[in-house]
Every structure is written in C-alpha cells, then in structure tokens.
Amino acid sequence: TAPSAASRIGRRTVSPDPACGTPNWAQQAQAQSSAATPGDAPAPATAKPNQVAFSVTTASWVEVRDANGTIVLSSTLQPGAQTSVEAAPPARVVIGNATGVQLQWQGAAVDLAPFRRGNVARLTLE
C-alpha cells in the first residue's frame, strides 16, 4: 500500500494518487518546497479557496473530480489556454501530456514532476 504521508505547501496539501505507485517522499517534499517560484505559472487575480488553475503550453487533456467524485472539468486544452475550476477537496486531478501544463492549487504552483508516470500526472489536492 502507498504511504499515507503527504507533502505540504503552506496550508495546502498535495497527495499522490495511490494508482501512481510509491514516490520517494523526501525528494517529493524537496521538489514541492522549491516549486512555488515567481514566474512558474500566472497567478489568478483572485484565487478562490478551492481553485484548481491550469496554464497550458502544449495540447493536454485534463480531468478534475471533486470530493464527491463529480467531474468538474474534463477537456482537451489547447496551447495558450488558461482555465480554472473550483473543486471541493480532496480533488483528484489527471493530466495527460503533463509536461505542457502548469498547475496551481489555491493560488500556489504545484510541481507535477513527482506525480508523473510517463507523461501523465495523477494527484490528489487536499
């Protein structure tokens, strides 16, 4: 089974999706702490408490499910697209072609590298 530990970004918690296997938690924590640097992804003007925001540089498929499992976003986003949705945590996110996507949760940048398997990222935002 996957560890229950989670990396923290301030008050925000980002947990790996159990389907992704077991990541190296020390490397993930270090990656998360260095992830929020100026210029990573454009910050929404007013980030809402449970806002998931995407900035896309290459065509990518994204899906966001809220705490109830309801799909709040399922779309192929084209280069240059910026979109956001609100999703009650824990929100499950799947991103295809993840190297072309920047993700923000509650206004903070999230490094997708620790959550990628191939070029698909799966993670849970809490």
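Strands β4 (60-65) and β7 (91-96) are joined by five bridges and run antiparallel. Helices (H or I, at least four residues) and strands (E, at least two) are taken here as DSSP runs, numbered from the N terminus, and two strands pair if DSSP finds at least two bridges between them. Within this pairing, Glu-63 stands opposite Val-94 in β7. Val-94 also stands opposite Arg-122 in β11, and six bridges join β7 to β11, again in antiparallel fashion. Strands of a sheet pair through backbone hydrogen bonds, either parallel or antiparallel.

The model is a predicted one, in which local features need pLDDT of at least 70 and side-chain atom pairs count only at pLDDT 80 or more, while totals for chains, interfaces and linings use all residues. Residues are numbered from 1 along each chain as its sequence is written, and side-chain values use heavy atoms, with hydrogens and water left out.

Strand β7 is largely enclosed by the rest of the structure, because five of its six residues are buried. Buried means under 20% relative accessible area, exposed over 50%, and partly exposed in between (1.4 Å probe, protein chains only). Ile-95 touches Phe-54, Trp-61, Val-62, Val-101, Leu-112, Asn-119, Val-120 and Ala-121, not counting residues up to four places away in sequence; contact means heavy atoms within 4.5 Å. Ile-95 also belongs to the largest nonpolar core, which has 22 residues. Such a core is a set of buried Ala, Val, Leu, Ile, Met, Phe, Trp, Tyr and Cys residues joined through side-chain atoms within 4.5 Å. Along with Ile-95, the members that touch the most others are Val-52, Phe-54, Val-64 and Leu-123. Two or more residues each come from β3, β4, β5 (71-77), β7, β8 and β11 (120-125).

Turning to another sheet, four strands form an open arrangement in the order β6-β3-β8-β9, with antiparallel pairing. Its edge strands, β6 (82-86) and β9 (108-110), each pair on one side only. On average, neighbouring strands of this sheet are turned by 25 degrees against each other, direction ignored; the axes are lines fitted to C-alpha atoms, for helices over the stretch in contact, and angles run from 0 to 180 degrees between N-to-C directions. Strand β8 (residues 101-105) is joined to β9 by three bridges, and Leu-103 has Val-110 in β9 as its bridge partner.

Glu-86 and Pro-49 are 37 residues apart in sequence and 8.1 Å apart in space, C-alpha to C-alpha. Gln-51, in strand β3 (residues 51-56), is buried, with a relative accessible area of 7%. The side chain of Gln-51 makes a polar contact with that of Ser-84 (3.1 Å). A polar contact is a pair of N or O atoms within 3.5 Å; within protein, one must be able to donate a hydrogen and the other to accept it, and residues adjacent in sequence count only if both atoms are side-chain atoms.

Taken as a whole, the protein contains one helix and 11 strands, running β-β-α-β-β-β-β-β-β-β-β-β from the N terminus on. Of its 126 residues, 40% count as buried. Among contacts between residues at least 6 apart in sequence, 61% join residues at least 24 apart.
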